[in-house]
Amino acid sequence: VRGLCPLKQIFHQKGDTTLVFEARFESGNLQKVVKVNEFEYQLTLRTDLYTSRHTQWYYFQVSNTQAGMPYRFTIVNFTKRNSLYKCGLRPLLYSEVDAKKHKVGWRRTGNEIKYYKNNAGQGGRQYFSLTWTFQFPYDQDTCYFAHCYPYTYSNLQEYLLTISKDPVKSKFCKIHILCRSLAGNVVYVLTITNPSKSGKGTERKAVILTARVHPGETNSSWIMKGFVDYILSDSGKAQLLRDNFVFKVVPMLNPDGVIVGNHRCSLTGQDLNRKYRSNVKKCYPSIWYTRNMIRRVMGERDVFLYCDIHGHNRKQNVFMYGCERRQQAKGPYVHPRVFPLLLSKSCPDKFSFPDCRFRVQKSKKGTGRVVMWKMGINNSYTLEAS
């Protein structure tokens, strides 16, 4: 994918003010555009590859813009009944001119935003529309719209390269290949811990973190990047954590889905976060190898905590899903509510304990959180971020 620029579609004559749309780039998603009138466009998203659903993630380029004109965009094939677009969420915009001239990156934008049920549908599935008005800041600018801040597979590779080239960080962060995806992309695993001084490294407990099993939940990659930035920093607390724990980090479980601009699935057309009980290594390599790696770690040391990082499309705040039996033991150290409660105390402006849930639903039995819990990791969580 890298380095390949799509061919420019120059199909407008001189003086034609039609916008030019493009999404044939890494993580891009847009299937079709219909020009309704001079400043109004109807957009259709591409479903996850080899499925007929999961239209949520969008990321596309717009060029041939006219400044100050009242454009309206309407995406017409969302499938979720509810959306944070009803609660004040706005689409993201990136302007190449703004980035060059004013160092301004992605920003939320759009007015008259509405999310509503429309008259269309397919296969018994009702469609919903998202509509917004917008004025481009510059003539002949190239702009991008996205559902959430993009974080591509190339972004991850560049980030890991800077870590491996850093003479200090590379001493306590080892980057390995966990496996290769169906399309042959590397799934990375990071081992982060300080070198042990007395050879007592096996006493350190393990913390296992994974992210981006769902490609459209890009915020999970930004949270993971924030965590890795912090744990590799020279702050006293980060050093203390590296002295006491071994961190195993899988930053991107579904690189294929990320590259092709899927919202939820891998190239099998399946939700990988329902496949942790599966033994089909060939179809779900990243899941199979992650579970295997965790089993191996559990044979070597205690696993203190497992957390899989996600983004949530319909709920606000940051919160966790944990696992508890109906008759939870009384001991405070084995209570799965303790860790989320501590998080809510240390960052009450961001983390919401009332939004946390601890019941294990039948539909979630194949998720990483439930499977790791059943394997014996008591503090087993999904972290959700709005």
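The buried residues of helix α4 (buried: under 20% relative accessible area with a 1.4 Å probe, protein chains only) are N219, S220, S221, M224, V228 and I231. The model is predicted, so that local features require pLDDT of at least 70 and side-chain atom pairs pLDDT 80 or more, whereas totals for chains, interfaces and linings use all residues. Residues are numbered from 1 along each chain as its sequence is written, and side-chain values use heavy atoms, without hydrogens and water. Helices (H or I, at least four residues) and strands (E, at least two) are DSSP runs numbered from the N terminus. Because 1.5 Å is expected per residue, counted over one less than the number of residues, the 13 residues of α4 (219–231) should span 18 Å, in agreement with the 18 Å between its end C-alpha atoms.

An open, mixed sheet is formed by seven strands in the order β11-β12-β14-β13-β15-β17-β16, where pairing requires at least two DSSP bridges. Its edge strands, β11 (173–180) and β16 (318–321), each pair on one side only. Strands β13 (205–211) and β14 (245–250) are parallel over six bridges, and K205 has F245 as its bridge partner in β14.

Two cavities of 30 Å³ or more are present, a cavity being a set of 1 Å grid points over the protein atoms alone where a 1.4 Å probe fits but cannot get out.

Key: Buried < 20%, exposed > 50% of the residue type's maximum accessible area, 1.4 Å probe, protein only. 1 Å grid on protein atoms, 1.4 Å probe; cavity = no way out; pocket = protein on both sides within 12 Å on 5 of 7 lines; lining within 4 Å. Points joined across faces, edges and corners; volume = space filled by probe spheres on them.
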